[in-house]
Amino acid sequence: MTHIKSLIQNQDGWKWSINPSIPACLQPLVSNLDHCRILMYQSVEGLPAEYVWKRISPTTLSIGNILMHVCGSEHQWIGNKLGGITLERDRDLEMSATRGKDVAELLHAWSIVQAQSIDVLSQFNESDLDRLFTEDRLTIPFVLHYCAQHLAFHAGQLVLLRKWFEPSFQLYKDHV
């Protein structure tokens with residue numbers, strides 16, 4: 001299970017070790033996904049429960065909404081589009097929920113999707129990279145780049161929301 005406690009620290013900072021079953025040609029893209037996940041996990045680690053479903057305005061998402069959304073999106077793009085796993089997603093609920101699971105439960109659900117993603121990606125090899133793969137004629141690198149950009153966007157939202165609720169929050173505690 002991928003979780004914040006699975007992070008390892010080296011001289012370059014925090015990272016997940018890349019699963020050796022991921023083809024070498026996909027490891028840079030998976031590393032980019034993992035970097036975004038780390039930022040997201042760090043942003044919600046130790047988050048007080050009262051902030052999980054709190055919105056700063058009627059038109060913004062809560063931290064809980066964002067975590068539900070990235071879980072659903074990763075499942076759709078990697079699990080379903082690349083892996084053919086049946087799509088089970090309610091995007092409208094991801095955006096509209098006003099209460100639900102706590103952070104640990106949301107991260108656990110996401111860790112299951114992440115494990116599925118690793119299983120899917122470990123099935124590919126270098127010759128798959130140029131192949132038009134999905135019914136939408138999307139390549140594996142396109143899907144993985146999209147997923148990383150999507151996670152980076154929502155990682156920024158989580159950092160901002162955490163700082164909004166807790167102005168003393170520091171993402172890079174060790175580097176300040």
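How many aromatic pairs does a search of the whole structure find? I ran that search and got three. I note at the start that this is a predicted model.

**Entry 1: aromatic pairs**

I opened Tyr41 and Trp110 first. Their rings are stacked, with 5.5 Å centre to centre and 15 degrees between the planes. I then looked up where the two residues sit. Tyr41 belongs to helix 1 (residues 27–44) and Trp110 to helix 4 (residues 103–121), so the pair ties together parts 69 residues apart in sequence. I checked accessibility too: Tyr41 and Trp110 are both buried.

Next I took Tyr51 and Phe165. This aromatic pair is also listed as stacked, at 4.6 Å centre to centre and 5 degrees between the planes. Which parts of the chain does it link? Tyr51 is in the loop between helix 1 and helix 2, while Phe165 is in helix 5 (residues 140–165). I noted the separation as 114 residues.

Are Tyr51 and Phe165 buried or exposed? The cut-off for buried is under 20% relative accessible area. Tyr51 comes out at 16%, so I logged Tyr51 as buried. Phe165 has 10% relative accessibility, so Phe165 counts as buried as well.

**Entry 2: helix 2**

I turned to helix 2, residues 63–82. It has 20 residues and spans 27 Å from first C-alpha to last, close to the 28 Å expected at 1.5 Å a residue. Where is the kink centred? I found it on His75, with a bend of about 25 degrees. I also looked at cover: 17 of the 20 residues of helix 2 are buried, which leaves the helix mostly covered. Just past helix 2, I noted Gly84 with a positive phi of about 75 degrees.

**Entry 3: cysteines**

I looked for disulfides. The rule asks for a pair of cysteine sulfur atoms within 2.5 Å. The count by that rule is zero. Cys36 has 4% relative accessibility, so it counts as buried. Cys71 has a relative accessible area of 12%, so it is buried too.

**Entry 4: the chain as a whole**

I finished with the overall layout. The chain holds five helices and two strands. Along the sequence I read the pattern β-β-α-α-α-α-α. The chain has 176 residues, and 44% of them count as buried. I looked up contacts between residues at least 6 apart in sequence: 72% of these join residues at least 24 apart.

Terms used: Residues are numbered from 1 along each chain as its sequence is written. This is a predicted model: local features need pLDDT of at least 70, side-chain atom pairs count only at pLDDT 80 or more; totals for chains, interfaces and linings use all residues. Side-chain values use heavy atoms; hydrogens and water are left out. Buried means under 20% relative accessible area, exposed over 50%, partly exposed in between (1.4 Å probe, protein chains only). Helices (H or I, at least four residues) and strands (E, at least two) are DSSP runs, numbered from the N terminus. The expected span of a helix is 1.5 Å times one less than its number of residues. The bend at a residue is the angle between axes fitted to the seven residues ending there and the seven starting there. Contact means heavy atoms within 4.5 Å. Rings of Phe, Tyr and Trp (its six-membered ring) pair if their centres lie within 6.5 Å; planes under 30 degrees apart count as stacked, over 60 as edge-to-face and the rest as tilted.
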